[in-house]
Amino acid sequence: MHVNTVTPLAADSGPPIFQWKWVDRNADAIVQRLVEHISLTGAALGIGLVVSIGLAVVSLRYRWSYPVILGTAGALYVIPSLGAFAVLVPFFGLTFVSAMIPLATYTLLILIRNIVTGVDQVPNEVREAAVGMGYTRGKLLWQIELPLALPVVIAGLRVAAVTTIGLVTVTSMLGLGGLGYFIRAGIQTATPNPTMIIVGVGLSVVLAVVVDLVLWLSERVLAPWSRKVRAR
Amino acid sequence: MSFLDQLNAWLADPNRWSWTDKAGVPYRTLEHLRFSLLALAIAAVLTIPAALWLAHYRRGAFLASSAVNIGRAIPSFGLIILFWFLASRWELDTTFWPLLLALVALAMPPLFTNTYAGVVTLEQETIDAARGTGYREWQIMLRLELPLASPVILAGARVAFLQLIATVAIGAIVNDGGGLGRYIVDGFAVGAQGYGAIFAGGLAAVLLALVCDGAFALITRVATPRGLALQNARRD
């Protein structure tokens, strides 16, 4: 289980709801939890992206499978996060695996849909020109279609990232750390520690906004030809 | 004891299928639904009229486009606990208000955005025609824009409701009720001995969500105005 690295602060049931002193004293723990949160989010997004690209490639090659794949991803998306963790824990225990399966699964719907939509948006002339230049089907996908689909893919990634950051707070139930640790620990101290709750909630909102911004900027850099794409 | 044995023991509880006992799955399911529906209704009353009005007069477009993003960034888990802390500090009923407030706050963004988008994307000719035949502005909103946008609004309600189902379960962490999440949280509290309860609660929550999603699909089909359904069918 996780080590409690937070030093409790006596007598903080008094009026000031937020105590900078606590933040000061626990700066190391805050950084550690933030890093954990980013790693868990990054791992979930990475796994989700790899699986999504695979399933999107299948959907694009065998068109009939697209509604089936998307429908399944949609049904999985509906599953409550705590319910998913609860069903997995008896099999995998309080582990990284139990957290990663649902987290990665939740990204599938939006990522697959956006990859397929993005590739579909590539103009046919571009495709024909590439085929005329001797591109094989695989090369066409990896070197032409996917790069041109990038803005739409990143739009989906932004939604997936922001959602995942929120869900990682729930995985603190599994003792995996992340900012949810503070949220949960804030009510488990002898007297509830509002500073911990606010730090946990506040930082995860800030993290979501920053990651959204970074991805938006990366789209500008990686796909400067495109503007104004929205996740669907 | 393997978790399947624990599951069997859990299922063998005599009150497990009671509608009135707190151990009962039907009791917890109703509790889960009651909380989710109440929050959805409050959020709908708070957002749909406002969004309808704003969309009709094309105001607040920025709010409509960013509401869902803001809503997504707020962790539901943190929001519940934050409200729980505030409620306990202000000596309010902590088994009811924190969860309800968090749920309403989470359900509002998708409802608002979808109502707004549903109205804004309607064909302007339809609205102009109604105006030409002497419809007042409020009549256009209530008799034209609201029913025509209803499929999009219901899609927003569906997203919101499923999020509510997921969040009520999390609410069991601070809440005495918490619907089916009660089993999960209580199971986690006792550690490995609770795996049976954790699994059963998780499965029940998953099934409830899937059933509700299906129910919403049916409601959307029934509630779509006939003219709109015909129009969509022709377009396909």
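Figure 1. B:E91 sits in the loop that joins helix 4 to helix 5 (97-120) of chain B; helices (H or I, at least four residues) and strands (E, at least two) are DSSP runs numbered from the N terminus. The phi angle of B:E91 is near 55°, a positive value in a residue other than glycine. B:R58 belongs to the loop between helix 2 and helix 3 (61-73) of chain B, and its phi is likewise near 55°. With a relative accessible area of 41%, B:R58 is partly exposed. Most residues other than glycine have a negative phi.

Residues are numbered from 1 along each chain as its sequence is written, and chains are lettered from A and ligands numbered from 1 in the order in which they are written. This is a predicted model in which local features need pLDDT of at least 70 and side-chain atom pairs count only at pLDDT 80 or more, while totals for chains, interfaces and linings use all residues, and side-chain values use heavy atoms, with hydrogens and water left out.

Figure 2. B:I80 lies in helix 4 (residues 76-89) of chain B and, at 2% relative accessibility, counts as buried. Leaving aside residues up to four places away in sequence, B:I80 touches B:P98, B:L99, B:A102, B:T167, B:I170, B:G171 and B:V174, contact meaning heavy atoms within 4.5 Å. One of these partners, B:I170, is 90 residues from B:I80 in sequence, yet the two C-alpha atoms are 8.3 Å apart in space.

**Figure 3. Helix 2 against helix 7 in chain B.** Helix 2 (residues 25-56) and helix 7 (residues 137-171) of chain B pack at an angle of about 145°, with their axes 8 Å apart; axes are lines fitted to C-alpha atoms, for helices over the stretch in contact, and angles run from 0 to 180 degrees between N-to-C directions. The crossing of helix 2 and helix 7 of chain B is right-handed, a crossing being left-handed if the near helix is turned anticlockwise from the far one by less than a right angle, and right-handed if clockwise. By class, the contact of helix 2 of chain B with helix 7 of chain B has 20 nonpolar, three polar and two charged residues, where Ala, Val, Leu, Ile, Met, Phe, Trp, Tyr, Cys and Pro count as nonpolar, Asp, Glu, Lys and Arg as charged, and the others, Gly among them, as polar. Chain B as a whole has ten helices and zero strands, and of its 236 residues 50% count as buried.

Figure 4. The axes of helix 3 (residues 65-78) and helix 5 (residues 96-120) of chain A come within 7 Å and cross at roughly 145°, and the crossing is left-handed. On the helix 3 side the residues in contact are A:Y66, A:I69, A:L70, A:A73, A:G74, A:L76 and A:Y77, and on the helix 5 side they are A:T105, A:Y106, A:L108, A:L109, A:I112, A:R113 and A:V116. By class, this contact has eleven nonpolar, two polar and one charged residues. A:S59, found in helix 2 (residues 27-61) of chain A, is buried, with a relative accessible area of 0%. Apart from residues up to four places away in sequence, A:S59 touches A:S65, A:Y66, A:I69, A:I112 and A:V116.

Figure 5. The contact takes 35 residues from chain B and 41 residues from chain A.

Technical notes. Buried means under 20% relative accessible area, exposed over 50%, partly exposed in between (1.4 Å probe, protein chains only).
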